[in-house]
Amino acid sequence: MKFQFKIILTSLAFILFTNCNIDATITNPNQTSQAKSFKYLALGDSYTIGQSVCETCKFPIQLQDSIKKKLLSDSTFSTKIIATTGWTTSNLKNAILTENPSNDYDLVTLLIGVNNQYQNKPFSIFEQEFPEIVTTAIQKGKGKKENLIVISIPDYAFTPYGQGASTISAGINQYNSFIENYCSQQNIVFINITDITQKGLIQPNLVATDGLHPSKLAYSKFVERILPKALVKLGL
């Protein structure tokens with residue numbers, strides 16, 4: 001009987017010890033779920049700075065806010081925007097050089113080219129400067145092309161300002177084709193949002209009150225496409 005009693009006690013002790021370990025495993029936070037600090041750099045022009053929409057309506061801030069929802073409560077996410085309405089690739093190149101942001105960004109987005117087309121700049125300028133900006137953007141993203149997302153140029157022909165002009169669409173298409181092909185050759189993520197803006201005349205709520213730029217709603221649709229890729233790049 002004493003021998004059997006010892007066996008029972010040993011079994012109970014083993015069960016209790018095992019349960020305690022299980023409870024500890026359940027209650028302890030996941031070892032990989034640690035608070036982190038993320039940095040995001042958005043490069044571009046009016047489409048990045050959010051001309052004619054509110055401060056929190058522009059796509060970089062909507063993207064930031066969407067990403068923050070996926071973070072641990074004590075993680076941080078900061079956004080720096082280098083963009084101004086009217087900038088061409090030349091303007092953006094000079095601005096990046098002047099501001100000289102650090103090279104430790106976890107995510108970089110690039111949307112540039114519409115003003116080269118709008119201002120009738122020689123296409124050869126874009127062919128030269130776009131790859132240069134991409135190289136710089138990669139450098140700012142910790143030197144990793146995996147941290148860069150390139151976004152297509154919206155088609156402003158489909159706005160009250162553009163009035164469906166086919167010449168505008170043809171010009172935008174030339175730029176976007178070059179961008180997409182370059183990104184494909186360099187194995188860089190490219191996200192097409194142009195088709196969203198091409199609904200602007202039949203869905204006026206996709207156009208801002210200035211009759212030219214995307215609205216908050218349009219930018220939210222941009223973010224729906226950008227967010228999944230951004231989360232992968234951030235490891236979220």
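Biologist: Is cysteine 57 buried or exposed?

Modeller: In this predicted model, cysteine 57 has a relative accessible area of 6%. Buried means under 20%, so cysteine 57 counts as buried.

Biologist: How is cysteine 54 to be described, buried, exposed or partly exposed?

Modeller: Cysteine 54 is partly exposed, its relative accessible area being 35%.

Biologist: What do cysteine 54 and cysteine 57 form?

Modeller: A pair of cysteine sulfur atoms within 2.5 Å is taken as a disulfide. The sulfur atoms of cysteine 54 and cysteine 57 lie 1.9 Å apart, and these two residues form a disulfide. The structure holds 1 disulfide.

Biologist: Why is the disulfide of cysteine 54 and cysteine 57 called right-handed?

Modeller: One reads the torsion about the S-S bond; here that torsion is about 80°, so the disulfide is right-handed.

Biologist: How should I read the sheet?

Modeller: Strands of a sheet pair through backbone hydrogen bonds, in either a parallel or an antiparallel manner. In this structure, 5 strands form an open sheet with parallel pairing, in the order β2-β1-β3-β4-β5.

Biologist: Which strands stand at the edges?

Modeller: These are β2 (76-83) and β5 (189-191); each has a single partner strand, so one side of each is left without a neighbour in the sheet. On average, neighbouring strands are turned by 20° against each other, direction ignored.

Biologist: Which helix packs on the sheet?

Modeller: Helix α3 (residues 59-68) does, touching β1 (37-44), β2, β3 and β4. The direction of helix α3 makes about 170° with that of β2.

Biologist: How many bridges join β3 to β4?

Modeller: Strand β3 (residues 107-111) and strand β4 (residues 148-151) run parallel and are joined by 3 bridges. Leucine 110 stands opposite valine 150 in β4.

Notes:
Residues are numbered from 1 along each chain as its sequence is written. This is a predicted model: local features need pLDDT of at least 70, side-chain atom pairs count only at pLDDT 80 or more; totals for chains, interfaces and linings use all residues. Side-chain values use heavy atoms; hydrogens and water are left out. Two strands pair if DSSP finds at least two bridges between them. Helices (H or I, at least four residues) and strands (E, at least two) are DSSP runs, numbered from the N terminus. Axes are lines fitted to C-alpha atoms, for helices over the stretch in contact, and angles run from 0 to 180 degrees between N-to-C directions. Contact means heavy atoms within 4.5 Å. Buried means under 20% relative accessible area, exposed over 50%, partly exposed in between (1.4 Å probe, protein chains only).
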